[in-house]
Amino acid sequence: MIAIIDYGMGNLRSVSKAFEAVGHQAVVTREARVIADASHVVLPGVGAFGDCMANLERYELIAPIHAAVQSGKPFLGICLGLQLLFTESEEFGVHKGLGIIPGRVKKFVLDPPLKVPHMGWNEIQIVHCAPPFAGIAPRSYCYFVHSYYVEPVESSVVATMTEYGRPFASAVWKDNVVACQFHPEKSQAVGLQVIKNFGAWT
Amino acid sequence: MLTKRIIPCLDVKDGRVVKGVSFVNLRDAGDPVEVATIYDREGADELCFLDITASHENRKTIIEVVEQTAARVFMPLTVGGGVRTLDDIRTLLNAGADKVSINTTAVQQPEFVREAAQRFGTQCIVVAIDAKQSGQADRWEVFTHGGRKPTGLDAVEWARRMEGYGAGEILLTSMDQDGRQNGYDLALTAAVSERLSIPVIASGGVGTLEHLYDGLVKGKADAVLAASIFHYRTYTIQQAKAYLRDREVPVRLDPA
């Protein structure tokens, strides 16, 4: 069973429906026990970084997330769920993140005509093929919507790169943790393949 | 490279598609879920549902439509029409919408946009602006209630204000051009897009593929919305994208 962590930030229905569509059973939960018993864990999220961390604390989900990562089971962060894994974010002041991947979350500062948020379909270039990206064609398009990007300390964790005014890490991979800035659950066939691969990853 | 988005828009009333849709291969052309599935297969970049249900009692039908669509197509979905409260937004997002578009309520209570962006994130708050030429050069006035009610607001200034309040995107419809198939109001679109740092979707007036090109290149829009040309199968999404790609507009055109 795949556990999708619900901490009151945004729409998780699309994420769970995407897992169902590719034949994986998923449950939306905020219970530590369900997360501990799950074979795979997904940390989604939209909204502001500080609010998300506050909600993770409020629902006492920080310890269960660290336990899941340390247990070695496959762990997937999506969008804000990627950013939360980092050391800190500069969104509306400096906020501490989960500190699972060393690095910072920074705001896009771009010259016109580039708009922020970075919204729409952009290419991902696979640098290190993490298991969820197996069989994904080079330069596939995925759907993005974000105003902040991650800057990992160690370049070895970068799984995919994307260009928007500057190259940025659009996915990272460290041991059993894979996280992507784009939304696989909104990226049609390419995204569903990533979700299917993740669910099959052991 | 970030690609320009092509967004088909469906007007939905009491759970049914109302602007004529003429797909030959559809079992039920009035079923928004089925139409959404076709556009998904053709590689539309997003979908937009505009709920024009008049009576409050029938508004739950759009929720069912969104739920069924989100369970079948895995692409971004914007839903607008009659969004008045934070609860309306929460209900639509929980049903599977990714973005909610706010029009009349933004004009009536601008603070609502700020609250919505703070609560749900700027990425899911679209402010829809219906604008009409005011008679003065390069000035457009904002209208509400489906284009019936003048507000006295300048469209460019209003768009900037909404950006400041936390809108993540502007859906800009020219009331002069809407339904005429004469092309977008390019001066309006460019005026708004150039003054904003958030994405702008051009809407109202598409009749040809050249109009899409003009909206993206001359109007400097980040995305183009169209209804009739796709619903009546004048062009498919793929034809539109191939046309744009041949003219060096970045579009997503991989096998869907």
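How many salt bridges does the rule find across the interface of chain B and chain A?

Modeller: The rule finds two salt bridges across the interface of chain B and chain A, a salt bridge being a side-chain nitrogen of Lys or Arg within 4 Å of a carboxyl oxygen of Asp or Glu. This is a predicted model, in which local features need pLDDT of at least 70 and side-chain atom pairs count only at pLDDT 80 or more, whereas totals for chains, interfaces and linings use all residues. Residues are numbered from 1 along each chain as its sequence is written, chains are lettered from A and ligands numbered from 1 in the order in which they are written, and side-chain values use heavy atoms, with hydrogens and water left out.

A:Lys115 pairs with B:Asp222 in a salt bridge whose closest N and O atoms are 2.9 Å apart. At the interface, 29 residues of chain A are in contact with 41 residues of chain B, contact meaning heavy atoms within 4.5 Å. The two chains bury about 2,700 Å² between them, 53% of it on carbon and sulfur atoms; buried area is the accessible area (1.4 Å probe) that two parts lose on being put together, summed over both. On the chain B side, B:Leu2, B:Phe74 and B:Gln123 lose the most area to chain A, together 28% of what that side buries.

Over all chains, the count by this rule comes to 24 salt bridges. Within chain A, A:Lys106 forms a salt bridge with A:Glu151, with 3.4 Å between the closest N and O atoms. Because A:Lys106 lies in strand S7 (residues 101-107) of chain A and A:Glu151 in strand S10 (residues 148-152) of chain A, the pair ties together parts that are 45 residues apart in sequence. Strands (E, at least two residues) and helices (H or I, at least four) are DSSP runs, numbered from the N terminus.

Turning to helix packing, helix H3 (residues 86-95) and helix H5 (residues 110-120), both of chain B, pack at an angle of about 40 degrees with their axes 10 Å apart. Axes are lines fitted to C-alpha atoms, for helices over the stretch in contact, and angles run from 0 to 180 degrees between N-to-C directions. H3(B) and H5(B) are therefore oblique to each other; angles under 35 degrees count as roughly parallel, over 145 as roughly antiparallel, 65 to 115 as roughly perpendicular and the rest as oblique. In this contact, B:Leu86, B:Ile89, B:Arg90 and B:Leu93 of H3(B) meet B:Phe112, B:Glu115, B:Ala116, B:Arg119 and B:Phe120 of H5(B).
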